[in-house]
Structures are given as structure tokens and as C-alpha cells.
Amino acid sequence: MADPKRRGRSGAPRRAASAGVSGRSSRRRRSRVATFFRRLGFTVLVLFLAMAVTIGVAAIVFYNRTNLPDPNKDFQTNTSFVYFHDGKSKMGSFSIQNRQTISYNEMPESIKDAVISAENRSFWEDKGISFEGIVRSAVAIARGGDVQGGSTITQQYIKVLYLTQDRTMQRKFRELVLAVKMGKQVPKQEILAGYLNTIYFGRGAYGIEAAAKAYFNVSASKLTVPQSAVLASVLNNPSLFDPSDGVAARNRLLNRYRYVLDGMLEAGNITQSQHDEYYRALPKFPEVPINNRWGGTNGYLLKMVEQELLNQGFTESQINGGGLRITTTFDVNAQKAAVAVGKQYQRTAGANAGAARAKQLHAAIASVDASSGGVIALYGGNDDYISNTRNWATTARPAASTFKTYAAIAGMRHGFSLRSSLNGDTFTPNGDSVPIRNEFNEEYGTVTLQKAVEDSINTAFVDMVSQIDNGPAQVVKAANDAGVPKGDGWDLNNRIPLGVAEVSPLNQAAGYATLANEGKRVDPHVVASVTDSSGRTLYTAKAPSQQTVEKDISHDVTYALENVVNEGTGTAVSDLGYPVAGKTGTNGVGDDITSAWFVAFTRQISTAVMFVAGDSGNADLDPYAAPGDPTFFGGTYPAQTWASYMRVAMSGKSPQGFPEPDWVNLSGHHYGGTDRKEVATPTQTAASATSAPTTTPSSAPPSSATVTIPPTTTSTRTTSAPTSSAATHETSTRKPTGEQTATTTSKKPNHEQPEEGRGAEAPGGRHSPRNGG
């Protein structure tokens, strides 16, 4: 039997010994690792403590060297001035700070209690800073966001009185230091009084005295508890909580108001019965006189400027007291012309209906720079913003035949060309029960799309849209692509080109400007640039860059619209002295004309003119028709208004011709199907006095869709203005062109119609607009 002590080098005792050696080595390694981390931890701790000491020393030094600025020196009530596009002519200003300083004792206890309940319920106990706010700011910064607000009353007062509105860490840190110093050096009552005399409440009111008068037309000393709770609620965000901004704003204010009352009850400032009584509803808001800076027609422009700045992210306090220099896109001379011309034709047409009805007529003009989208001029149909805030130039009404332009874009996108054959006669579309008719039931036979645009032939457009897959939706898309937003009446049916869709003159001017800009969408705007009091640029409007309508299609549609002016329904403006492309339109229901339009553009400027009547803009325009005219036409007063205004707006500009047509789906790029039946020349009927486009024989492409060489046209299109012999005011002697109508009424005999049209009943007996060309 082997000796256990000699169990060789392979026995268990030997293995045990090996395991013991390995264990000791492992323990030594662990010990070294632990030592390393202990030393590392100690080093990190030393570095952290050194950093903390450094930061602490720096903070102490910064604190000791930072003094409260003199508010009389650093805080100034800066007015924001608004200028016309030349940067010199002043349009107006956004409130010289409307402040009337009152003492702490003159302030009612209700406003003090309400503001503390709304903004800083620990005001009387805190040291001037909010540690919760500091934590929120730190978390926001760690996540890559901005430094957050939500400060104490002391911090808010410091920020408004001494600092900028920048959301930077440097500004926030200085705010905290100043707040701590102020909390130690300035009594709480003085801080609260300064805050209530400084903070912005909206409506141009700085301080509680001005706010009490702006909202309740009383002195601050007369404020009731509910009124104080309202003002304490509003100051949190005046643009959200102003009760005059509609139902949604009042609902937001009510929720905030109740929050303030809850805080006042919790603090023992009001009783439970008072709380319950006030909690039910907001107090009544009296009529308060509006600052006359909004007076006159410039008030409409200033309101548009203010709204656009808010949309661009500027705050109300910046706009109304930030010392901004705001340069608008409005041209001072063009604006004067728009107001003068609008008033002139409003008076002229109004006189036709008698004194009682004259004030019910509204002429709207909107003019847009075709290359930038800047609004050059705007007349809203009323003379004083204070007495009537309705701006008809930004109010949407049925666009009538001016909407056919977007149908032409949709057609070319889906295989139609200017020479495509369309039905110019009365017909009933598949699925409809009511036929589509032209003005006075006129029959045109087979017509081209070009002639349909020139003479505004209703049946041809409905025929085309009916042939396009999802045709109505494609017309809507074309309008949206041009920059026209959807609105009321944009129902998807095959009669949508006839103009039941509602569009504002401003949006229609911009939509046509997109064509003048060769398909780059033109979004209208009124602010060109904003600089602060030091001259630093805060905002500059961007130039159009998005190609939303195909360039060659824009050329062809513009060509057709140019022929509207030269040969079709828009000859009233053909003697402007510049190449012009545009469209007339008249909308009505039954026997009433409810809107009349003329929308046209040069290469530089696109302008839309709309006439409506009545408080709602839906009254009959026929009583205002020109003497000798059987009805109110887009080609008469609207076109004359357009021409008179544009003579001033275009003064000094060089004539620029439109691009040559590309003849898409014929000799240029092919869109959609290209097997459309083409007509070599526009079809004329014996009843029509409108001639075919005056191009040379070589300018019309062959009927075959396989032509590859673009046609040539005479050079006069691009080198000179239209040379039509038609005079501006001779429209009433022209023969009517194709428009849709249900019946021909005796008061509008067909032999006297200048060029406008009527609408038929839509399926189901509902009247669609009586659209005019």
C-alpha cells in the first residue's frame, strides 16, 4: 500500500498545495486592484474638492464684485419702431411703455396676494431664488435644451429690470447672484412693488396701474379680488390669456384664474365663500378705449406685423418694449396708392347703389413682390382699424373663375396641353344630375385648354377635371402647391375649378406670384428684417427657394393667362405698358353676385383685387354695377382698380417679358398621359367676338403629340408690352365669353354681358357660385 505521504506529485495533497498558491496570487491581484481604485478615488476626490473650491472661490469673487445696477440707468422704456421698406418712412410704433408708477401702499392687497399666488407662493419666505428652478435649468442644459424660466418674483424682477431676455447660462447665473443680493439688500415689499410697476401685462400695459386701465378701465386702487386674480393670471403669458382673443383664450384664462384663487384660499387671503363665488366665472370686461396707434389704415398693417413677429418667435414684451427696429415689406408709395385707389373705386361703385348701401361695399387690394413674397401694399376695404378690425384683403371669399388657373396646372400635370381638345358645350358629367352650362347657355363646340382659359369656359374645365384621376383632389393640390391654403368651400367635386373654394386676396396674389416666379412658391410675409437697439440683426425674411409648380408648366399657364389680358376677358388692363397675365372672376348664388375679382401679375408684382358687399361679405353686388352694365363684373371695377393701382406700383420699373411657353405634353416635357386629342388652332364660334391668340403660324405646335422641336413665337412677347387696342374702360362693349349659368335672367340680357358668368345649381339643388371669367 502506497505511503500517503508519498502520493506522488499527482496526488490530492499536491493539488491542494497548488490551489493554495493560486489563491494567494489571486488575493494579491485583488489587493493591487483595490489599491489602484482607492488611489484613483482619492485622486478624483481631491480633484473634485479642488474644483469645488475653485468654483466656490470664483463664485464668491463674482458675488462680491457684482453690484445691483441702477435701474434708472440700465432699464429704459424702449419703443419698437416700424418702418416701410425704405427703412426711413415710419409706419408706426409698438407701444412706448405705458407705465404709471404707483407706491406699494397705493396697490391693493388683492393684487399683491393674487400675484404671489400666481407666480411665487413662497415669496415672503424664500431667499430670492428657486432651487427647483435651478434644478430644472440644469436638467434642461444636460439634455441640450435652453436655460429654463419659471423663476421667483425676485428673479423675474431682476431679469426684466436689469438683464436681457436671452436664455443663456451666463445670464441665468448673473440673475441668481443678483437675486440673492437683492433678497439680502432690498425689503420684500420694495421688490414686490418694483415688480408690479415693471412687469408686462399685455395690451401695451407695463405695470399694474396701466394694466388695470387696459383691462378694466379703473385705477389699480379700485381693483376687486376677481379683477386682481385675472391680471395676476394674464401676466404669466399675455398672448395666451388675453380674454379679447376669443373663446379659447378665455377658457385658458379661466383655468389659470381658478388656480390663482385656489392659491389665495390656501394662503388665507380670501374666505371659502369668496373663493366659491369668484370661482364660477371670470369677471366682466368693460369696453376699453384702444390706443390710437392702431388708428387709420396703417392699423391693419401694424396688426399683421405684430402677428407675424409672434409667429416668428418674438414675445409680446420684445415687440412692445424691446426697442426693436422693424423694417416691413410695404412700399410707402404703393401703399398710399392702394388706399387711395381702393377708396376711389369703393366710392365710385358705392354711389351707384345710393347712400344707404354705399358704406356696405368693400374693395380689397393685396399686392405681393413676385420674387420675394413681400407684401408691397394692402388695402382691407375699411378706413380705420379701431372702428372696424375686419381686413377684407385677408378674408377668404369664393374665388370664382380665378381658381381655374390651378385647374390648368393640374391638367398639364396629367397629360393635357394648351392644345388639348375639351368640351365647350353644355353636358352633364357622369354621376351628376345637373348639367354644366356656359354663360347664357352658349355653346362653343370643341375648344382648346388655351381658349378655355382665355374665355373662361366652364364646361371645358369641368370636362378636363372629370378626365383626370382624382381630378378635384389634383386641383386642390395644385392650388396648395402654388401657396394657397385650404379653406371653406374646398369640397372635392368636379366643379371645383369654377371657384366655390374660398381664398383671400392676399393668398390669391401670392398663388399667382408663384407663376410669375416660374413655379417657385411665394409665401406672403410683411416683415423684411428686425434689429435690436444695438443694430444686431435678429431676423431676416428668407427668399423663396422651393419649386412647387413645374417650371415649364408655369410658363404655359402664364402664356394662357397673358392671352386672357391680350385677347380674352381681361383686356381692361392691356394698356398698362407692361406684359400682364391674369384672370377675372365673378361669383354668385342664384341671381346675386357675391364676389368679383381681378388677379393678375407682371414679372415683378402680383396683385389681387376683390369686391364684396355687406357685413359678412356675401351681399349682392349687382346694385353697385357700373352704369350701363347689367351686373357687377370682375372685368370692370376690379380690373380698373387693379390697373390704377399697378400704374403707381410699377412706376419706374422696366418692362420684363414672360418666358416663352414650353408647350408641355406637345413639344416639351411630357406629364401624365400624352394621348390627348389636340386641336391645331382654337375653335371659334360665330357668337364669340374673342379672337384666337395672336401668334404667328409657327408659334402653334402641330397637333401631333410627338413633336420634339419647341415652337417659336414672335419676339414681341418678351420685348414689349401688349399692344392690344382695347382701352382700359371699354370692357362693357365686349361680347360675353363662356361662363356657367343655370338660367339667363331678364335683368342680365345676354347681348349686354361684358364678360362675366353665372353658376348652375350643383347636384342636390345646392347653388354653386355663378363664376365669372
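Tutor: Accessible areas come from the Shrake-Rupley method with a 1.4 Å probe, and for residues only the protein chains shown count as cover. The protein exposes about 33,000 Å², of which carbon and sulfur atoms supply 51%. This is a predicted model, in which local features need pLDDT of at least 70 and side-chain atom pairs count only at pLDDT 80 or more, while totals for chains, interfaces and linings use all residues. Residues are numbered from 1 along each chain as its sequence is written, and side-chain values use heavy atoms, with hydrogens and water left out.

Student: What percentage of the residues in the protein is buried?

Tutor: A residue is buried under 20% relative accessible area, exposed over 50% and partly exposed in between (1.4 Å probe, protein chains only). Of the 773 residues in the protein, 55% are buried.

Student: How many helices and strands make up the secondary structure?

Tutor: Helices (H or I, at least four residues) and strands (E, at least two) are DSSP runs, numbered from the N terminus. Here there are 24 helices and 14 strands.

Student: How is a pair of aromatic rings described?

Tutor: One gives the distance of the centres and the angle of the planes. Rings of Phe, Tyr and Trp (its six-membered ring) pair if their centres lie within 6.5 Å; planes under 30 degrees apart count as stacked, over 60 as edge-to-face and the rest as tilted. The structure holds 16 aromatic pairs. In one of them, the ring centres of Phe-94 and Trp-294 are 6.2 Å apart and the planes stand at 50°, so this pair is tilted. Because Phe-94 belongs to strand β2 (residues 90-94) and Trp-294 to the loop between α12 (272-279) and α13 (298-311), the pair ties together parts 200 residues apart in sequence. Both Phe-94 and Trp-294 are buried.

Student: Why does the pair of Tyr-300 and Tyr-385 count as edge-to-face?

Tutor: The planes of Tyr-300 and Tyr-385 stand at 90°, with centres 5.3 Å apart, so the pair is edge-to-face. Tyr-300 lies in helix α13 and Tyr-385 in the loop between β5 (375-379) and β6 (397-398), 85 residues apart.

Student: Which strands does β10 join through bridges?

Tutor: Two strands pair if DSSP finds at least two bridges between them. Four bridges join β10 to strand β3 (residues 325-328), and the two run antiparallel. Three bridges join β10 to strand β11 (residues 537-540), also antiparallel. Four of the five residues of β10 (residues 527-531) are buried, so this strand is largely enclosed by the rest of the structure.
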